[in-house]
Amino acid sequence: MQRYSRLAIFLHWAIAALLAFQIAVGWALEDLGARGFALFQWHKSIGISILLLTCARIAIRYWKPRPAPVERGWQGALAKAVHAGLYLFMLGAPLTGWALVSTAKVKVPTLIFGIVPLPHLPLPMNAHELAEGGHGLIAWIGIALFALHVAGALRHHVLKGDGLLWRMMPARSPLWLAALPALIALGFVLGRVILPAPAPKAAAAPVLPAAVGEEEETPANAAEPADSAGNAAVPAEADNAAAAEEPAGPPPSWAVQPGGTIGFSVGNGGETISGGFSRWTAKIAMDPDHPDSADIRVEIDLASASVGDSYKDGMLAGDEFFGAAAHPKAVFTAKGAEKAGANGYRASGTLTLKGVSKPQSIRFTLSGTGKARKVSGSATIARASFGVGNGDSSAGLDPKVSVSFGFSAKAE
């Protein structure tokens, strides 16, 4: 029996295995949210690979002679229709997927297998819904055609006994007959195995007592000692101490030294995504003995955000997260601070991020003496309040982001 060329045989089984992988992964991607980011990149890379391999398969189909059809009549016409539909599927699914990515609100950069950048197609944004619907519809049609193709091949080879499958084997060997179809099953199983584990359900946060070291507020109606005239009695020593504690002049300004860091971390379905900002500035004036004199302003270049992955870094600057093009900086300002334990302080101010300004507090500690101090601190930010993480790929992220910072400063 005449066989297909070896190159055609290779492309046939390679494309089939990749399609099985795509089907297994594609079913789960929609529900993974941010946890499926890396897998989504693989899905795009393999989709483009299928597109290129299919183009090569079409070229070889007309370059190398093909075996003659084994069936005529309506059965032969049906077989030709299924083949034509499969080619449209192998071309249409990657193309609609490419269009879907190109017209998405969140512009996710694509590097094929982390190496070759894939440009976005020049399509209008209003084509997104059409591309999304077409991609899903073509996928289901492709699955049906895939099943018909396999059923037709088994009908010929097993029921009719005409050895049709040997035409798509490098040699007439039972080993090839078992190994090559097994590649399809392997592709599907691999696509399921590499899926991230289901995200654990968040447990209800326990109610904790007030933290040790927190200052307790004095009730407004607390009784105070009074003098004989009914006025609150204030010891003379308290008057003298208050006068002595008044700052002698304006608070010193502090110059932030090179080497400081501002980092962030957020939970992601049982994992933690951590990163930081490489460009930021801070203007600080404060007398550590009189924290109410503090004047703090920190500006962060949002385009400098990085989690150590080029794909995700591109997303961070996009509209779904920081929207760095329209709002290049995040700014925190605070007037005054208060003591919060030994060497600890709390500053309540305002954070402006993505054009939204909200109250925000930070905690920090000072170490060292004199004109050289080390600063370390933290804050917790509710990202939804600022529209950070407003798309489907952010669905698995925790609602609160932890921010930490540390730097050295010298009094000017």
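# Notebook: cavity, strands, charges and a surface patch

Strand β14, residues 400-411, gives the largest share of the lining of the largest cavity, namely five residues. I note at the outset that I am working with a predicted model, and I keep that in mind for each entry below. For the largest cavity I wrote down a volume of about 930 Å³. Its lining is made up of 46 residues, and I262, F277, I300, I381 and V403 are those that lie nearest the centre of this cavity.

I next followed the chain along strand β11 (residues 344-353) and strand β12 (residues 356-367), which run antiparallel and are joined by ten bridges. Which residue of β12 stands opposite L351? I found K358 in that place. The two strands form a hairpin with two residues between them, and in this hairpin K354 takes a positive phi near 55°.

Going on from β12, I came to strand β13 (residues 372-382), which pairs with β12 in the antiparallel sense over five bridges. Here I noted S367 standing opposite K374 in β13. β12 and β13 also form a hairpin, with four residues between the strands, and G368 in the turn has a positive phi of about 100°.

I wanted to return to the phi values, since most residues other than glycine have a negative phi, and most peptide bonds are trans. K354 is not a glycine, and yet its phi is positive, at about 55°. I placed K354 in the loop between β11 and β12.

N343 lies in the loop between β10 (338-339) and β11. With 47% relative accessibility, N343 counts as partly exposed.

R279 lies in the loop between β5 (271-277) and β6 (280-287), while D301 belongs to strand β7 (residues 290-301), so the pair ties together parts that are 22 residues apart in sequence. Both partners are partly exposed: R279 has a relative accessible area of 42%, and D301 has one of 22%.

I then turned to D295 and K335, whose side chains meet in a salt bridge at 2.9 Å, N to O. Since D295 is in strand β7 and K335 is in strand β9 (residues 329-335), this pair ties together parts that are 40 residues apart in sequence. D295 is partly exposed, at 32% relative accessible area, whereas K335 counts as exposed, at 67%.

A further salt bridge runs between R297 and E299, where the closest N and O atoms are 3.0 Å apart. Salt bridges that share partners join R297, E299 and K329 into one network. For R297 I noted a relative accessible area of 36%, which makes R297 partly exposed.

I looked up which residues form the nonpolar patch on the surface, and they are W27, W140, F188, V189, L190, V193 and I194, with about 700 Å² of accessible area together. Helix α5 (residues 174-193) provides the largest share of the patch, with four residues. W27 has its place in helix α1 (residues 6-32). I recorded W27 as partly exposed, with a relative accessible area of 44%.

Last I checked G85, which lies in helix α3 (residues 73-102). At 15% relative accessibility, G85 counts as buried. From G85 to F146 there are 61 residues in sequence, and the two are 9.5 Å apart in space, C-alpha to C-alpha.

Terms used:
Residues are numbered from 1 along each chain as its sequence is written. This is a predicted model: local features need pLDDT of at least 70, side-chain atom pairs count only at pLDDT 80 or more; totals for chains, interfaces and linings use all residues. Side-chain values use heavy atoms; hydrogens and water are left out. Patches are made of residues with over 30% relative accessible area and no salt bridge: like charges are joined within 9 Å, nonpolar side chains (Val, Leu, Ile, Met, Phe, Trp, Tyr) within 5 Å. Accessible areas come from the Shrake-Rupley method with a 1.4 Å probe; for residues, only the protein chains shown count as cover. A salt bridge is a side-chain nitrogen of Lys or Arg within 4 Å of a carboxyl oxygen of Asp or Glu. Buried means under 20% relative accessible area, exposed over 50%, partly exposed in between (1.4 Å probe, protein chains only). Two strands pair if DSSP finds at least two bridges between them. On a 1 Å grid over the protein atoms alone, a cavity is a set of points where a 1.4 Å probe fits but cannot get out, and a pocket is an open set with protein on both sides within 12 Å along at least five of seven lines; lining residues have an atom within 4 Å of a point. Grid points are joined across faces, edges and corners, and a volume is the space filled by probe spheres set on the points.
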